Amino acid sequence: MDVMNGEQYKDLKERWVSNLNGTTPQEVQLVISVNVATYFLLKALCVAGVPAGAASLSAKFNIEFFVLLVPMLIGFTMPAEAGMEIGLLLFAGALLLVLVRGRHSRPPGTGAVSRHVALRCLNGPRKPFVDVYRAPMLLCVCCGILPVDFRFFPRRFAKTETAGFSLMVVVVGSLVLGNSIVALRSSRRALAGGLRAPLRTALPLTALGAARLAAVKVSAYQEHVSEYGVHWNFFFTLAALTLLFHGYARLCGAWLHPAVGGVLVLGGYQAALSVGGLQAFLLSDAREGLLAANKEGLCSLWGYFGLYLLGAALSRLIFDSDGDHAAASASAGPNAGGGGGEKGAGTRATPAAPQGDGSRRRKRQQQQQQ
């Protein structure tokens with residue numbers, strides 16, 4: 001039996017992640033829909049009182065692990081039809097739980113209270129559905145990117161070589177979109193502080209990118225050069241997006257809507273690919289110089305930036321309904337941060353105020369009668 005040396009093993013691993021064609025967009029959507037089904041099942045269990053009745057924190061963790069993560073792993077590693085089957089089974093189980101247990105587990109008269117609490121959450125500065133999107137998305141990052149080197153991960157879900165659909169592409173795009181949804185609000189608070197806030201975010205990402213680059217070079221880990229280039233990696237992309245978006249917010253944010261900016265960036269990038277000869281350059285073997293050596297990462301940055309701006313436009317639709325409310329809490333001093341802002345917003349909620357005013361009025365009337 002022949003023993004492979006380090007170079008042969010590295011070449012074998014590089015071929016394992018190269019020249020892939022992806023899958024269909026329908027299959028990607030089916031696999032991603034498993035996340036929706038798992039969350040629906042978890043909420044059905046909450047209606048039935050299962051996580052709340054767990055004896056300890058570890059029991060709650062185990063419930064969420066097996067409900068949220070295990071079906072996702074199965075859907076990411078099973079044959080093409082598994083996504084639909086898993087999703088249907090989870091939806092059916094959740095619906096059965098709601099029909100059987102939900103009717104008997106809810107105390108009478110709590111429906112209006114639950115709707116009132118839900119409306120308060122939706123009208124508050126923090127939107128629960130954004131957390132519901134971002135948390136499973138981060139799980140998808142772990143389950144859809146990190147296992148790509150292992151044999152159990154289907155090759156059709158790994159990144160395509162030139163063009164096409166794959167699970168990894170959707171997961172990476174979702175990560176950028178999820179970051180941009182919350183970046184708009186933080187950038188508004190950071191504009192007064194100059195470059196300090198974006199640098200505080202970009203420098204750790206740059207350090208992670210440099211550490212990964214050094215680790216790859218030292219350990220002779222496989223390098224898929226056509227993915228980001230010789231030196232570039234996704235950590236550098238995230239750091240550059242932070243600085244680019246801060247520059248956009250400072251220079252163009254007051255007069256150019258991020259949706260318009262995103263369309264212009266993506267349209268210009270597509271024009272450069274189709275008409276300007278950029279696509280031919282990217283598909284060529286040219287690697288002379290630092291820019292050409294990292295052409296994939298540097299050029300794809302503009303596609304990510306266009307998506308980032310579209311996410312910022314979506315953030316305006318989500319959060320601007322309470323923009324004045326958030327601005328007031330931001331100008332209040334130390335409580336302008338995430339936790340303090342939410343606490344201040346909670347104290348400004350007024351459903352209980354009429355009851356307090358009514359009780360004080362009745363007390364004054366009783367004193368006058370006496």
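With a relative accessibility of 41%, threonine 201 is partly exposed; buried means under 20% relative accessible area, exposed over 50%, and partly exposed in between (1.4 Å probe, protein chains only). Follow the chain for 38 residues in sequence and you reach alanine 239, whose C-alpha is 7.3 Å from the C-alpha of threonine 201.

Please keep in mind that this is a predicted model, in which local features need pLDDT of at least 70 and side-chain atom pairs count only at pLDDT 80 or more, while totals for chains, interfaces and linings use all residues. Residues are numbered from 1 along each chain as its sequence is written, and side-chain values use heavy atoms, with hydrogens and water left out.

Now for the whole chain. The protein chain has 17 helices and zero strands, and 37% of its 370 residues count as buried. Take the contacts (heavy atoms within 4.5 Å) between residues at least 6 apart in sequence: 79% of them join residues at least 24 apart. The chain exposes about 21600 Å², of which carbon and sulfur atoms supply 65%; accessible areas come from the Shrake-Rupley method with a 1.4 Å probe, and for residues only the protein chains shown count as cover.

In soluble globular proteins, nonpolar side chains tend to be buried together. A nonpolar core here is a set of buried Ala, Val, Leu, Ile, Met, Phe, Trp, Tyr and Cys residues joined through side-chain atoms within 4.5 Å. The largest such core has 41 residues, and Phe234 and Phe245 touch the most other members. Two or more residues each come from helix 3 (57-77), helix 6 (128-144), helix 7 (167-190), helix 8 (196-219), helix 10 (234-251) and helix 14 (295-319). Beyond its neighbours within four places in sequence, phenylalanine 234 contacts Val172, Leu175, Val176, Tyr228 and Tyr304. A second, separate core has eleven residues, among them Ala37, Leu42, Leu45 and Leu68.

Val36, Phe40, Phe91, Leu95, Leu96, Leu99 and Val100 form a nonpolar patch with about 620 Å² of accessible area together. Patches are made of residues with over 30% relative accessible area and no salt bridge, like charges being joined within 9 Å and nonpolar side chains (Val, Leu, Ile, Met, Phe, Trp, Tyr) within 5 Å; a salt bridge is a side-chain nitrogen of Lys or Arg within 4 Å of a carboxyl oxygen of Asp or Glu. Helix 2 (25-47) and helix 4 (82-105) each give two or more residues to the patch, and helix 4 gives the most, with five. Valine 100 lies in helix 4 and is partly exposed, at 46%.

What about the cysteines? With a disulfide defined as a pair of cysteine sulfur atoms within 2.5 Å, the count is zero. Cysteine 140 has its nearest cysteine sulfur, that of cysteine 143, 7.0 Å away, and cysteine 140 is buried at 5%. The sulfur of cysteine 142 is too far for a bond because the closest cysteine sulfur, in cysteine 143, is 6.3 Å away.

Two loops complete the tour. Asparagine 19, between helix 1 (6-16) and helix 2, has a positive phi near 55 degrees and is exposed at 61%. Glutamate 223, between helix 8 and helix 9 (225-228), is buried at 19%.

Note on methods: Helix = DSSP H or I, 4+ residues; strand = E, 2+ residues; numbered from the N terminus.
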